[in-house]
Amino acid sequence: MRKKRETIAPDLTPLIDVVFILLIFFIVSSVFKKEELALILDLPSSEAQEVEIEPKQISLEISKDEFAIYGKVVTLEELDNHLAKVTNKDKNIIVRIDKNVVYEKVVKVLDSLQKYSLNNLSLVTNKEK
């Protein structure tokens with residue numbers, strides 16, 4: 001009788017151990033960056049001509065810490081209430097945005113304008129020197 005031949009196979013246990021040790025090493029030694037909640041928008045300067053503000057226009061200003069309409073500091077809710085009262089939807093809206101404003105604030109103001117169909121919008125930047 002013939003003896004059955006055994007197949008020779010490498011032992012995978014040490015290989016699996018090394019792979020897990022490497023995986024643990026890379027997980028422990030890697031640095032995870034915290035995801036930022038808001039994007040910082042750095043608006044460029046422009047060479048466009050300056051626009052004069054007429055009394056018929058709505059003037060909005062967004063700084064790093066506050067909102068203003070016609071130069072008067074308001075909260076976002078007060079700004080939203082004022083925009084809700086605008087009857088002439090074709091009124092020109094001038095928006096001045098500080099370079100250091102969190103982009104989330106700009107989106108909130110643009111959402112409010114869109115909600116009340118106020119689409120005649122101009123974004124103002126600094127004039128390039």
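In what order do the elements of the chain run from the N terminus on? They run α-β-β-β-α-β-α-β, which amounts to 3 helices and 5 strands, where helices (H or I, at least four residues) and strands (E, at least two) are DSSP runs numbered from the N terminus. What you have open is a predicted model, in which local features need pLDDT of at least 70 and side-chain atom pairs count only at pLDDT 80 or more, while totals for chains, interfaces and linings use all residues. Residues are numbered from 1 along each chain as its sequence is written, and side-chain values use heavy atoms, with hydrogens and water left out.

Begin with the whole chain of 129 residues, of which buried residues make up 20%; buried means under 20% relative accessible area, exposed over 50%, and partly exposed in between, with a 1.4 Å probe and protein chains only. Among the contacts with a separation of 6 or more, 78% are between residues 24 or more positions apart, a contact being heavy atoms within 4.5 Å.

Next, select helix H2 (residues 76–84) and helix H3 (residues 103–115), whose axes come within 10 Å and cross at roughly 25 degrees. That makes the two helices, H2 and H3, roughly parallel, a term for angles under 35 degrees; the axes are lines fitted to C-alpha atoms over the stretch in contact, and angles run from 0 to 180 degrees between N-to-C directions. The crossing of H2 and H3 is right-handed, meaning that the near helix is turned clockwise from the far one by less than a right angle.

To see the side chains where these helices touch, show Leu76, Leu79, Asp80 and Leu83 in H2, which meet Lys108, Val109, Ser112, Leu113 and Lys115 in H3. By class, this contact has 5 nonpolar, 1 polar and 3 charged residues, with Ala, Val, Leu, Ile, Met, Phe, Trp, Tyr, Cys and Pro counted as nonpolar, Asp, Glu, Lys and Arg as charged, and the others, Gly among them, as polar. While H2 is selected, look also at Asn81 in that helix, which is partly exposed with a relative accessible area of 46% and whose C-alpha lies 9.5 Å from that of Ser112, 31 residues apart in sequence.

Now turn to the largest nonpolar core, which has 18 residues, with Leu60, Leu79 and Leu113 having the most contacts inside it; such a core is a set of buried Ala, Val, Leu, Ile, Met, Phe, Trp, Tyr and Cys residues joined through side-chain atoms within 4.5 Å. The elements giving two or more residues to this core are strand S1 (58–62), strand S2 (67–69), H2, strand S4 (93–97) and H3. Centre the view on Leu113, which touches Leu60, Leu83, Ile93, Val95, Leu118 and Leu121, not counting residues up to four places away in sequence.

In strand S4, select Ile94, which is buried with a relative accessible area of 2%; the C-alpha atoms of Ile94 and Val124, 30 residues apart along the chain, are separated by 7.0 Å.

Finish in the loop between H3 and strand S5 (121–124), where Ser117 is placed. Ser117 has a positive phi of about 55 degrees although it is not a glycine, and at 41% relative accessibility Ser117 counts as partly exposed. Asn120 is also in the loop between H3 and S5 and, at 33% relative accessibility, counts as partly exposed. Which residues does Asn120 touch, not counting residues up to four places away in sequence? They are Asp90, Lys91, Asn92 and Ile93, and the C-alpha atoms of Asn120 and Ile93 are 6.1 Å apart in space, although these residues are 27 residues apart in sequence.

Technical notes: Parallel < 35°, antiparallel > 145°, perpendicular 65-115°, else oblique.
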